[in-house]
Amino acid sequence: MPRFDGKIFTIMTDRTDIFDSIATQVAPFNKKGVALTEATTFAGDLEWDSLTVMDFVAAIEDEFDIIITMNMQAEIETVGQLVDAVAKLKTA
Amino acid sequence: MTDAAATANDAHTPAETPAARDLFSKFDALIAEREALLATGVRDPFAIVMDEVKSPTQAVIKGKDTILLGTYNYMGMTFDPDVVAAGKKALDEFGAGTTGSRVLNGTYQGHAEVETALREFYGTSGAMVFSTGYQANLGVISTLAGKGDYVILDADSHASIYDGCFLGDAEIVRFRHNSVEDLAKRLARLPADALKLVVLEGVYSMLGDVAPLPEMVAAIRQHPNCMILVDEAHGMGFFGEHGRGVYEEQGVEADVDFVVGTFSKSVGTVGGFCVSNHPKFEILRLVCRPYVFTASLPPSVVATAATSIRKLMHAGEKRVHLWKNSKRLHKGLTDLGFTLGTKTPQSAIIAVILTDQRQAVAMWQTLLELGLYVNMARPPATPAGTFLLRCSLCAEHSDAQVEQIIGMFETAGKATGSIR
């Protein structure tokens, strides 16, 4: 049973940090000013087309110094899923 | 009787209940967009029929003599008398088709001959001919890069390159169009021991811009385990001393592992190929599904291709005239005030960028009524959501035709408000 010991706390903080960084990267592409939560979807809520997604993914990759392959991108639909993917790729 | 069978008689087909959802529902937005556009009275830009084709640069469309400026027939080989004669002879001697795969009954003397012509044209030890250029990319990319490998591609890559990625099992990484910096950054983030295929194009077909291959090759060679494939679909025939493509003109031949190309542009017929010096290249014939599981090209097609390729080896004068045409049209359209895909003429493709679909279609239709055919291109085929009229020049366009074309653009541009 996990407890809020030091390690878990670090992971929680990381997750919040990642969400905040992603929110910063979303902002320039968020033309409709949609309020961002973990459940926000890129295609549905933000109404991004494939070209916007490409620019955004490139920005995220550079921000975190990671690669999100197109194979992985196909599985990511929400902001929360992107936070999870970034957290995983950063520790890999 | 199952419930499904019991209720089957009550089921309605989508045709009976138009609002019902079925597998076509995802196309509803596109259907509505097209209907709205066509309701304005314009002709369908994607349903042109050439009733007669008189030469590489002239056709009859709906009874009107029309100059062709959107065919990719760069070297005008479609009506070359030697090419046509070779096709007729092969048709007589070998029949209409092979009815078989290259690895079974579908390799004739003509298929071997066109591969010999390609090896000589490219100066490589290996050449493999596919039934289309699309299948060449599909086959080579999906077969070379397997599970655990990486394909690194330019964001503006042709659909056949993307589809080659999707057909295979490799990890797909893309970089911003023609950005050496973006490519270098992504390569640096990939595992050093993973095998990688970097896919580039000599000429990008939408805007007609050329890749900075020496800078890209230098960035790639900083990293181990990378092979380089260059698609020269739009470069063959026109670029480089031997007409091999942009990679020859820019002097990176020694660093390119695979060149993919097509017979449906400068060569003037249909078909695709890959050439390489890799010692194990021949094994691809047995493991490449888009090569194995389809019928080979008809004998007449490979005969026309072989003749055309051999003539393209000595087409220096045609290349000079094609450059002259491309530069003249680029300058003419720039002077008229059109926004073009490239600031300077870089290839035989000149893309006119328009503001939206309505303006692009109006301009396209006005040009057609004046007797000029160009390609209309729209997202998602185009970069950055642009609407383009894409012009591709031919070495057979006369100086007078190019002047006539510029005059038609002036008339159509003013009539549609695209230029002042």
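This is a predicted model: local features need pLDDT of at least 70, side-chain atom pairs count only at pLDDT 80 or more; totals for chains, interfaces and linings use all residues.

**Entry 1: a glycine in a loop**

I started at B:Gly268 and skipped its neighbours within four places in sequence; what remains in contact with B:Gly268 is B:Asn73, B:Met75, B:Met77, B:Thr78, B:Val83 and B:Ser308. I count a contact when the C-beta atoms of two residues, placed from the backbone, lie within 7 Å.

Residues are numbered from 1 along each chain as its sequence is written, and chains are lettered from A and ligands numbered from 1 in the order in which they are written.

B:Gly268 sits in the loop between β9 (258-262) and β10 (272-276) of chain B. Helices here are DSSP runs of H or I with at least four residues, strands are E runs with at least two, and both are numbered from the N terminus.

Is B:Gly268 buried or exposed? I put B:Gly268 down as buried because it has 28 C-beta neighbours inside 10 Å. The cut-offs I use: buried is 20 or more other C-beta atoms within 10 Å of the residue's own, exposed is 12 or fewer, and partly exposed is in between, with C-beta atoms placed from the backbone.

I also checked B:Gly268 against B:Gly371: they are 103 residues apart in sequence and 23 Å apart in space, C-alpha to C-alpha.

**Entry 2: the domains of chain B**

I looked up the domain assignment, which gives domain 1 (41-75 + 316-415) and domain 2 (82-312) for chain B; such bounds come from an automatic or database assignment. The centres of domain 1 and domain 2 of chain B, taken over C-alpha atoms, are 27 Å apart.

Across the boundary, 20 residues of domain 1 of chain B touch 17 residues of domain 2 of chain B. On the domain 1 side, α13 (316-336), β12 (349-354) and β15 (387-392) of chain B each supply at least two residues, and β12(B) gives the most, with three. That side has 12 nonpolar, six polar and two charged residues. My classes: Ala, Val, Leu, Ile, Met, Phe, Trp, Tyr, Cys and Pro are nonpolar, Asp, Glu, Lys and Arg are charged, and the others, Gly among them, are polar.

**Entry 3: a helix pair**

How do α5 (133-144) and α6 (159-167) of chain B pack? I get an angle of about 40 degrees, with the axes 8 Å apart. The axes are lines fitted to C-alpha atoms, for helices over the stretch in contact, and angles run from 0 to 180 degrees between N-to-C directions.

The contact of α5(B) with α6(B) has seven nonpolar, five polar and one charged residues. Among those that meet are B:Tyr134 and B:Leu138 in α5(B), and B:Ile161 and B:Cys165 in α6(B).

In α6(B), I find B:Ser160, B:Ile161, B:Tyr162, B:Gly164 and B:Cys165 buried. The buried residues of α6(B) pack against α5, β5 (150-154), β6, β7 (196-201) and β8 (226-231) of chain B.

**Entry 4: chain against chain**

Last, I looked at the contact between the chains, which takes 13 residues from chain B and 11 residues from chain A. On the chain B side, β6 (171-175) and α7 (180-189) each supply at least two residues, and β6(B) gives the most, with four. By class, the chain B side splits into six nonpolar, one polar and six charged.
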